[in-house]
Amino acid sequence: MSSANIVILAGLVIGLVYGAVGLLSGFCMMSSLRGWWAEGDGRLVRSFALAMGVAVAATQLLAADGLVDLGKSIYLQPSFSAPLMFLGGLLFGYGMVLSNGCGSRALVLLGRGNLRSFVVVIVLGITAEMTLKGLIAPARIAMAGASQTTTADNSLPALLAGLGLGAAAARTFAAAVVSAVLVIFAFMHAPFRKSPGQVAAGATIGLLIAAGWYATGYLGADDFNPVPVTSLTFVAPIADALQYVMLSTGSTLNFGIVTVFGVFAGSLVTALLTGRFHWEGYQSPRHMLRSAGGAALMGAGGVCALGCSIGQGLTGFSTLALASFVAVAGILLGTAAGLRGALRVQPLG
């Protein structure tokens, strides 16, 4: 089997597991923040924090052992636009609240029979493609060019190394501190400790992030036919998957496309086996308009931020890229604006 086919198979398996775990646990950044800030239930946000901590520790361990060159990923490129990534994060975070979930959550819910999520996936994919290559792309490129920053220290370990620590020590120290803070935050919450399902979900998804890096960065390493070094992310891959469905002749599958299909299939099979499958739709035209508007913000914002709540919140964050910290800050602030304050998204009557 060629390295490219191994990567595709690995992506499918990772997607299947993510879809099953996402359905059974309700894993989602927006749901976790809403539960924490609005409803006082901190278990889901602790599960997300645990996933972040595990992803950082496992990913940095792979990089330290030389199994994955994270520098080949989009997150650690020397040039990036911090203002555009922050703005993209804001748009994505607010769009999550409008649509009641991110792109990955929409795929999971679609597998359960939620037709609202079908609209979210379609609109998100179309808007992402418009922002990548279509009508919105010139504005995005102009904004990026006007605010581009070039630095050799586009990661927390590199920043620490520049202050005098050795490269290996800087990576170990940064990964240990960040992952420890997140894991301690997760387990200091007694209800989370008493929720083995949420603990297992957070740890599993964190390991899936590392598995994606290992699949694309090590199993897919081929000087003659290289594949992009990446892991779970859902904005551009949803756009690519829609394009593949429509124009598959002459196109090729990649890690992102098969993870999208895998997440949907994993959720669908799990829903059927556990009796969770049931059809759902919109309550009103206003509900549909809000959901579609949120999906459009997520598509455009996710492209500008170079990732979504999973693509930056877990995958990008696991590289400890400074640009990912900027994007995640934007996503959190955008989500907070949608859940609280003057711009709070009001419940539908």
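**Close-up views of a predicted model**

**View 1. V13 and the nonpolar surface patch around it.** V13 counts as partly exposed because its relative accessibility is 44%. The model shown here and in the other views is predicted. V13 lies in helix 1, which spans residues 3–25. On the surface, V13 forms a nonpolar patch with M1, L9, L12, L16 and V17. Together these residues have about 510 Å² of accessible area.

**View 2. The aromatic pair of W36 and F185.** The count of aromatic pairs comes to nine. In the pair of W36 and F185 the rings are edge-to-face, at 5.7 Å centre to centre and with 65 degrees between the planes. This pair links distant parts of the chain: W36 is in helix 2 (residues 29–37) and F185 is in helix 9 (residues 167–187), 149 residues apart. W36 has a relative accessibility of 35% and therefore counts as partly exposed. F185, at 24%, also counts as partly exposed.

**View 3. The aromatic pair of Y75 and W213.** The two rings are edge-to-face, with centres 6.2 Å apart and 80 degrees between the planes. Y75 sits in the loop between helix 3 (43–64) and strand 1 (79–80), and W213 belongs to helix 11 (residues 196–219). The pair links distant parts of the chain, 138 residues apart. Y75 is buried, with a relative accessible area of 4%. W213 is buried as well, with a relative accessible area of 0%.

**View 4. Surroundings of the F185 ring.** Ring pairs join F185, W36 and W37 into a cluster. The charged end of R46 sits over the ring of F185, 4.2 Å from the ring centre.

Definitions and conventions:
Residues are numbered from 1 along each chain as its sequence is written. This is a predicted model: local features need pLDDT of at least 70, side-chain atom pairs count only at pLDDT 80 or more; totals for chains, interfaces and linings use all residues. Side-chain values use heavy atoms; hydrogens and water are left out. Patches are made of residues with over 30% relative accessible area and no salt bridge: like charges are joined within 9 Å, nonpolar side chains (Val, Leu, Ile, Met, Phe, Trp, Tyr) within 5 Å. Accessible areas come from the Shrake-Rupley method with a 1.4 Å probe; for residues, only the protein chains shown count as cover. A salt bridge is a side-chain nitrogen of Lys or Arg within 4 Å of a carboxyl oxygen of Asp or Glu. Helices (H or I, at least four residues) and strands (E, at least two) are DSSP runs, numbered from the N terminus. Buried means under 20% relative accessible area, exposed over 50%, partly exposed in between (1.4 Å probe, protein chains only). Rings of Phe, Tyr and Trp (its six-membered ring) pair if their centres lie within 6.5 Å; planes under 30 degrees apart count as stacked, over 60 as edge-to-face and the rest as tilted. A charge sits over a ring if NZ of Lys or CZ of Arg is within 6 Å of the ring centre and within 35 degrees of the ring normal.
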